[in-house]
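Hi,

Here is the structure I promised to pass along. Have a look at it first, and my notes follow below.

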Amino acid sequence: MAAQALASSAHSEGGYATAFPFFGAERRGAPVLAFTRIDEKRVYRKTQVYEPDYVVVLDESLLDTVNVVEGLKEGGMVLVNSSKQPAEVDVGIDVKMATVDATSVALEVLKQPATNSSILGALSKATGLVSIESIEKGILQVFGDRLGPKIGEKNAKAARVAYDRTLVGESHGKRELKSAEKWLPDVKELPIGVAGVPMSTSAGAVGPGSFVENKTGTWKVFRPEYDTEKCTMCNFCWFYCPEGCIYRKEDHMDFDMDYCKGCGICANECPADAIRMVR
Ligand code: SF4
Ligand code: SF4
C-alpha cells in the first residue's frame, strides 16, 4: 500500500509511476518487497527494481539478514525505520542515510505499529522526490479507498508527523554484507509464448504459444502494423507477446500472422511507437 500511495502521490504531481509488491513465503510478518518506479515519461519496465535510487527499510532487524544496499545506485540513499541517528545505522557502505522512528509515530497516531504510512512522510522529507502534501493525498486515496476515509486521514497524519521527525545525514558502514544471488528470468519464467522452444502437447504437437494446430491468428480483428524505421530492437514486443509469435531477426522483428491473435499488447508495450494496430 505504501508503494502504491507513493506512486499515486507522484502521479498527482504530473509524473508517471508504477508500483507492485513481491511476496515470498505467505505468512504474516514474513519479509516482503515492494517497488515503485517514478518518471516524467511513461514507465514501460515491469521487472523488479535491481538498481534503486532509494531503499526504504521498514524493519531495522532486516539489516542483519538482508544486504539492503545491493544494487543501490551511486549517490543513492537509504531510509531506515530506526530510533538511531543516521550515522549510527550501519548498512556496510558509506551512504546517504535518513532515519525516522516510524514505529513510535505509528503507535502514537494509529495506535498500532503499522509503519508504512509514516515512512512515506519520511521519504518525502529525506528525498524531496514528492511533496508531503502529495504524499498525504496519495495516502488518503490508497489507504482511504481500502480502509475507509477515517483510517486514511489517520495515516496521512502519521506521514506528516514522521515528516517532521525525519533525520537526514550520512553513515559510514563497516559490517560485512554478502551479495544476494542475482536473479534473471529463465525461459520457464517468461510468458509461455515467449519460451520459443518446442513445446509438446497432449496432442503430440509442437509450436509457438499454445500449440501448432491452434491457429490463434483466426481470432484477430486488429493486426499489428510494424514500422522497421522506428524500431529500436528493444525486444519489448518479443518479450510480452503472449503467443510467442514475434521473432527477432538481425535488424527487424517478424510477426507470424498465423498465430498473432491481435491482442495489441505489443503495440501497447512498444516504447518507440513502432507498432500500431490496424483492421
Ligand atoms: S497483437 Fe502483438 S502481442 Fe498480441 S499476439 Fe499479435 S504480435 Fe503478439
Ligand atoms: S517494435 Fe517496438 S517493442 Fe518491438 S523491438 Fe521494435 S521498438 Fe521494441
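Asn235 sits in the loop that links strand 7 (223-226) to helix 6 (236-240); helices here are DSSP runs of H or I with at least four residues, strands are E runs of at least two, and both are numbered from the N terminus. Its phi is positive, about 80°, although Asn235 is not a glycine. Asn235 counts as exposed because it has 12 C-beta neighbours inside 10 Å (exposed means 12 or fewer other C-beta atoms within 10 Å of its own, with C-beta atoms placed from the backbone).

A word on the source: this is a predicted model, where local features need pLDDT of at least 70 and side-chain atom pairs count only at pLDDT 80 or more, while totals for chains, interfaces and linings use all residues. Residues are numbered from 1 along each chain as its sequence is written, and chains are lettered from A and ligands numbered from 1 in the order in which they are written.

Asp273 also has a positive phi, near 55°, and is not a glycine. Asp273 lies in the loop between helix 7 (265-269) and strand 10 (275-278), and it counts as exposed because 10 C-beta neighbours fall inside 10 Å. For context, most residues other than glycine have a negative phi.

Now the ligands. Around ligand 1 there are 13 residues, with Cys241, Cys260, Cys263, Ile265 and Cys266 coming nearest (a residue is near if its C-beta atom, placed from the backbone, lies within 6 Å). Ligand 2 is likewise surrounded by 13 residues, and the closest are Cys231, Cys234, Phe236, Cys237 and Cys270.

Best wishes

Notes: Buried ≥ 20, exposed ≤ 12 C-beta atoms within 10 Å, placed from the backbone.
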